[in-house]
Amino acid sequence: MKIEIEDLFYLYEKEDEKVAALRGLFLEIESGECLVIKGPNGSGKSTLVKVLSGFLKPSAGKIFIDGKNFSSIDPLLLRREYISSIDQKGNLLPDLSVVENISLSLTLATGSADKAKNEALHLLREYELDHLADLDTSQLSSGERQICALLAAVAGKPKILIADEPSGELDDKSADSVYQLLKSLTGKNDSHFGDARFSR
């Protein structure tokens, strides 16, 4: 699942002027590659995540996913079949239990609620987290919540996973657990992670 970004711009409206969060970005991400994007606050990292996730429309430029123009993919199809994402606060719904959150993620990804709960429980058992299944998200520690959010994000087996500072609000031990899980889920070790840096 190759991603190609060509001359990408994103402009924010700020008072009476436009501010470029992304300015002429070129980037290629090969199938199977794990890419880490580094940069200071305000350098456009989160904007890129929102553009790739389909939440923001580029001001200019093109994105291709396996040769298919990003703009031609229906946003619902994009979220269902191509891309899943997680941010530093997690993506769990507060009124649902852990297993219900993962079941919902599976249902949205596959279009079917059949067997979703059993699959969600199987995923939790696989990572020895089934003791959290019936807990509300408010009962989880920050680390547990982020790990469960990560499992929900990958439950539907997306082709592309985008993690926006997934350890940003965690202590070192919890952050390490999240990254170990990420590596386990992607089958990568540290040597497989690419590195890109943003600057204005």
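## Pockets, helices and cores in a predicted model

Helices (H or I, at least four residues) and strands (E, at least two) are DSSP runs, numbered from the N terminus. This is a predicted model, in which local features need pLDDT of at least 70 and side-chain atom pairs count only at pLDDT 80 or more, while totals for chains, interfaces and linings use all residues. Residues are numbered from 1 along each chain as its sequence is written, and side-chain values use heavy atoms, with hydrogens and water left out.

Helix 1 is mostly covered, with six of its eight residues buried; buried means under 20% relative accessible area, exposed over 50%, and partly exposed in between (1.4 Å probe, protein chains only). The buried residues are Lys45, Thr47, Leu48, Val49, Val51 and Leu52. Thr47 lies in this helix and counts as buried because its relative accessible area is 7%. Not counting residues up to four places away in sequence, Thr47 touches Tyr10, Tyr12, Ala21, Leu22 and Leu56, where contact means heavy atoms within 4.5 Å.

Two pockets are compared below. On a 1 Å grid over the protein atoms alone, a cavity is a set of points where a 1.4 Å probe fits but cannot get out, and a pocket is an open set with protein on both sides within 12 Å along at least five of seven lines; lining residues have an atom within 4 Å of a point. Grid points are joined across faces, edges and corners, and a volume is the space filled by probe spheres set on the points. For the classes, Ala, Val, Leu, Ile, Met, Phe, Trp, Tyr, Cys and Pro count as nonpolar, Asp, Glu, Lys and Arg as charged, and the others, Gly among them, as polar.

| Pocket | Volume | Lining by class |
|---|---|---|
| Largest pocket | about 1100 Å³ | 22 nonpolar, five polar, nine charged residues |
| Second largest pocket | about 530 Å³ | ten nonpolar, six polar, three charged residues |

The largest pocket is lined by 36 residues, and Cys34, Leu35, Leu161, Ile162 and Ala163 lie nearest its centre. Two or more lining residues come from each of strand 2 (17–29), strand 3 (34–38), helix 1 (45–52), strand 7 (160–163) and helix 6 (172–186). Strand 3 gives the most, with five residues.

In the second largest pocket, 19 residues form the lining, and the closest to its centre are Arg79, Ser84, Leu104, Ser105 and Leu108. Helix 2 (75–82), strand 6 (83–86), helix 3 (98–110) and helix 5 (142–154) each give two or more residues to this lining. The largest share, five residues, comes from helix 3.

Helix 3 has 13 residues and reaches 19 Å from its first C-alpha to its last, close to the 18 Å expected at 1.5 Å a residue; the expected span is 1.5 Å times one less than the number of residues. Its buried residues are Val98, Val99, Asn101, Ile102, Ser103, Ser105, Leu106 and Ala109, and their cover includes helix 2, helix 4 (116–126) and helix 5. Just after helix 3, Gly111 takes a positive phi of about 80°.

The largest nonpolar core has 27 residues, and those with the most contacts inside it are Ile102, Leu124, Leu150 and Leu151. A nonpolar core is a set of buried Ala, Val, Leu, Ile, Met, Phe, Trp, Tyr and Cys residues joined through side-chain atoms within 4.5 Å. Helix 3, helix 4, helix 5 and helix 6 each give two or more residues to this core, and the largest share, seven residues, comes from helix 5. Apart from this core lies another of 22 residues, among them Leu22, Leu27, Leu78 and Ile83.
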